[in-house]
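Please open the structure in the viewer and keep the sequence beside it.

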Amino acid sequence: MKNKELIIGLVIGLLASIIGLIATLIIFGKGNSITDSLDIAINNGVLTKLVSMGAILNLGAFFLFLKRKQDLRARGVLIATIVVALITIIIRFV
């Protein structure tokens, strides 16, 4: 039962990061579509910045779960944020 709540938080954290990335591509993207904006971000070397901005939505999910006293889900969101940060670091330096 505990692992299920943690996994739910992890999935919600990863989905929030993906939705946040898409939102930042829509808002700050210079292309005609999301894929064009993604290609431009990769070519200009700003993808890691956009991924980091997309992870801001995890703050809302994290504090929502804390307010509802769902600590394991909040922990899952925190783990998802750490995973996104590690992926961002790997993309940046590789």
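Begin with the whole protein. Among its contacts (heavy atoms within 4.5 Å) between residues at least 6 apart in sequence, 67% join residues at least 24 apart. The model is predicted, so local features need pLDDT of at least 70 and side-chain atom pairs count only at pLDDT 80 or more, while totals for chains, interfaces and linings use all residues. Residues are numbered from 1 along each chain as its sequence is written, and side-chain values use heavy atoms, with hydrogens and water left out.

Colour the chain by secondary structure. The protein has 5 helices and 0 strands; both are DSSP runs numbered from the N terminus, helices being H or I of at least four residues and strands E of at least two. The C-alpha atoms fill a box of roughly 45 × 25 × 15 Å along the principal axes. Of the 94 residues, 29% are buried. Buried means under 20% relative accessible area, exposed over 50%, and partly exposed in between, with a 1.4 Å probe and protein chains only.

**First selection: H1 and H4**

Select residues 2-28, helix H1, together with residues 57-67, helix H4. Their axes lie 8 Å apart and form an angle of about 150°. Here, axes are lines fitted to C-alpha atoms, for helices over the stretch in contact, and angles run from 0 to 180 degrees between N-to-C directions. Next, display the side chains where the two helices meet. On H1 these residues are Ile-12, Gly-13, Ala-16, Ser-17, Ile-19 and Gly-20, and on H4 they are Leu-57, Asn-58, Ala-61 and Phe-65. This contact comprises 6 nonpolar, 4 polar and no charged residues. In this classification Ala, Val, Leu, Ile, Met, Phe, Trp, Tyr, Cys and Pro count as nonpolar, Asp, Glu, Lys and Arg as charged, and the others, Gly among them, as polar.

Which residues of H4 are buried? They are Asn-58, Ala-61 and Phe-65. These residues lie on the same side of H4 because they cover an arc of only 65° around the axis, the arc being that of the directions from the helix axis to the C-beta atoms. An α-helix has 3.6 residues a turn, so residues three or four places apart point the same way. The cover over the buried residues of H4 includes H1 and H5.

Select Asn-58 alone. Its relative accessible area is 2%, and therefore it counts as buried. Apart from neighbours within four places in sequence, Asn-58 is in contact with Gly-13, Ala-16, Ser-17, Val-77 and Thr-81.

Move on to the loop between H4 and H5, where Lys-69 is placed. Is Lys-69 buried or exposed? Lys-69 is exposed, with a relative accessible area of 71%. Its phi is near 60°, a positive value in a residue other than glycine. Most residues other than glycine have a negative phi.

Show the side chains of Arg-73 and Glu-5, which form a salt bridge with the closest N and O atoms 2.6 Å apart. A salt bridge is a side-chain nitrogen of Lys or Arg within 4 Å of a carboxyl oxygen of Asp or Glu. The pair links distant parts of the chain, since Arg-73 is in helix H5 (residues 71-93) and Glu-5 in helix H1, 68 residues apart.
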